[in-house]
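Please keep the sequence and the 3D view at hand while reading.

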Amino acid sequence: MPVTEYWCEYAWLPGGVAEGVRIAVSGGIITAVDRGGPPRGTVLAGLTVPGMANVHSHAFHRALRGRTHGERGTFWTWRATMYHLADRLDPDTYHRLARAVYAEMALAGYTSVGEFHYLHHGPGGTRYSDPNAMSAALVAAAQEAGIRICLLDTCYLTGGPGRPLEGVQLRFGDGDAQSWAERVDAFRPERPDVRVGAAAHSVRAVPPEALSTVAEWSRQARPVAGGRPEPTAPLHVHLSEQRGENEECLRVHGQTPTELLHRTGFLGVNTVAVHATHLTENDMSTLGSARVRVCFCPTTERDLGDGIGPARRLADAGVRLCLGGDSHAVVDAFAELGALELNERLAAEARGRFTVDELLTAATDHAALGFPDVGGLEPGAQADLVTVNLESVRTAGAAPGGVPLVASAADITDVHVAGRPIVRDGVHTRIERPAAELAAEIRRLVGGVSGRLM
């Protein structure tokens, strides 16, 4: 198999930043990493870091950006616009929108996305002839945009404890957890760049007995591309995003959401709890003991006014941290990792809460999406390379080791996914005009560009 060589001006290796690094790639896999040699092969000027993982995404929320700030942008204006949008999507429109969103992610240095997917059915809950048509649309969109996807098929059964789904929410539900599991079992895109994982929307939307069913589904071995078994699938859940969720769970179940998840067998090494903003000390200890991951989505959490989660205390308790873009109010992996540190500084009134290595590790945690061989520049890893310009107005003069804290998505020049060039010189190689595609599809879905806020 032929070998392609890349020479990186600087590269973020497992031991830190190194200068003059040669990376050899064969079949999409890094076969060798050498330091100090002369330039040869494809020269990547700047700082090359591992590809980044957007662990938590709702692709259709991207159409809300800049449109939910009427009446000062309350949660209710955001929610009303989100439901209006969800009611208008079908497999074709969702494919077009998601394709452009995933292209935006690639331009921002994301090489894998975890799509927390609950928009399953047609208006009013009617079934498409292919019950997984919306899932297939998302997978096709990611493949066309050139990034990996973990399709986190989300169980969503109630509008709250004891309350049925209604209105737009009817599109989200399968009736019961067993029907959800049977539908997901029928979706088997056996490709190396696709995983199918499980998710429970939240303890509000999935009753306790159904939480156990979803967790059990994730732990049944299933074949992936090449026929090898995957012993567990990723298992995700929204957790304690808002205080009201905790209060309702305590009132109905006599437990915090974390305690309820623990009781139903939901917590384990394949579990990713998203947000985990409002936790008790016992919650943090439970999550750490179970070796779960927590996915922070700082730009969305601040956009929705959710609060600042206890990231440092969770990490100290043994929780593994990762990062997501969630509603895509911003699509910028550097903004997410920078906000993880800066939010901690504000909450603790102290600097230096995480090292840059810790922040970059959280930003490149593809194992949270079922891709454990992605996220490092070392032999045996998939060749996901993201190169950052060191001469922009943001990065000029910065030490390479500090660049992740000062760079933005606009500074990314080149992105390779498993050795394939997806972005060259800041231009997507597969989708000619992602911005134009985004603008056109969002106009069709939510209206014109009159400047009116919803």
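## Basis and confidence

The model is predicted, so local features are described only at pLDDT of at least 70 and side-chain atom pairs only at pLDDT 80 or more, while totals for chains, interfaces and linings use all residues. Residues are numbered from 1 along each chain as its sequence is written, and side-chain values use heavy atoms, with hydrogens and water left out.

The confidence score pLDDT is given by the predictor for each residue and runs from 0 to 100. Its mean over the protein is 95, and 96% of the residues reach 70 or more. Over residues 449-453, however, pLDDT stays under 50, and the model has six contacts beyond four places in sequence for this stretch; a contact means heavy atoms within 4.5 Å. Where pLDDT is low, the predicted coordinates should not be read in detail.

## The open sheet

Helices (H or I, at least four residues) and strands (E, at least two) are DSSP runs, numbered from the N terminus. Two strands pair if DSSP finds at least two bridges between them. An open sheet with mixed pairing is formed by eight strands, in the order β3-β2-β1-β4-β15-β16-β17-β18. Its edges are β3 (29-35) and β18 (427-428); each has a single partner strand, so one side of each is left without a neighbour in the sheet.

Within the sheet, β1 (residues 4-13) runs parallel to β4 (residues 42-50), and five bridges connect the pair. Y10 stands opposite L47 in β4.

## Salt bridges

A salt bridge is counted when a side-chain nitrogen of Lys or Arg lies within 4 Å of a carboxyl oxygen of Asp or Glu. The count by this rule is 22. To describe their surroundings, a residue is called buried under 20% relative accessible area, exposed over 50%, and partly exposed in between (1.4 Å probe, protein chains only).

R312 and D316 form another, at 2.9 Å from N to O. These two residues are four apart in helix α10 (residues 311-316), which means that about one helical turn separates them. R312 is buried at 15% relative accessibility, whereas D316 is exposed at 58%. In the bridge between R353 and E344, the closest N and O atoms are 2.9 Å apart. Here R353 is partly exposed, at 25%, and E344 is buried, at 5%.

## Pocket and cavities

Spaces are found on a 1 Å grid over the protein atoms alone: in a cavity a 1.4 Å probe fits but cannot get out, while a pocket is an open set of points with protein on both sides within 12 Å along at least five of seven lines; lining residues have an atom within 4 Å of a point. Grid points are joined across faces, edges and corners, and a volume is the space filled by probe spheres set on the points. The largest pocket has a volume of about 700 Å³. Its lining has 32 residues, with F75, R79, H201, R204 and Q242 nearest the centre. Helix α1 gives the largest share of this lining, six residues.

There are three cavities of 30 Å³ or more. The second largest cavity holds about 60 Å³, and its lining includes F296, P298 and E344. The largest share of that lining, four residues, comes from α11.
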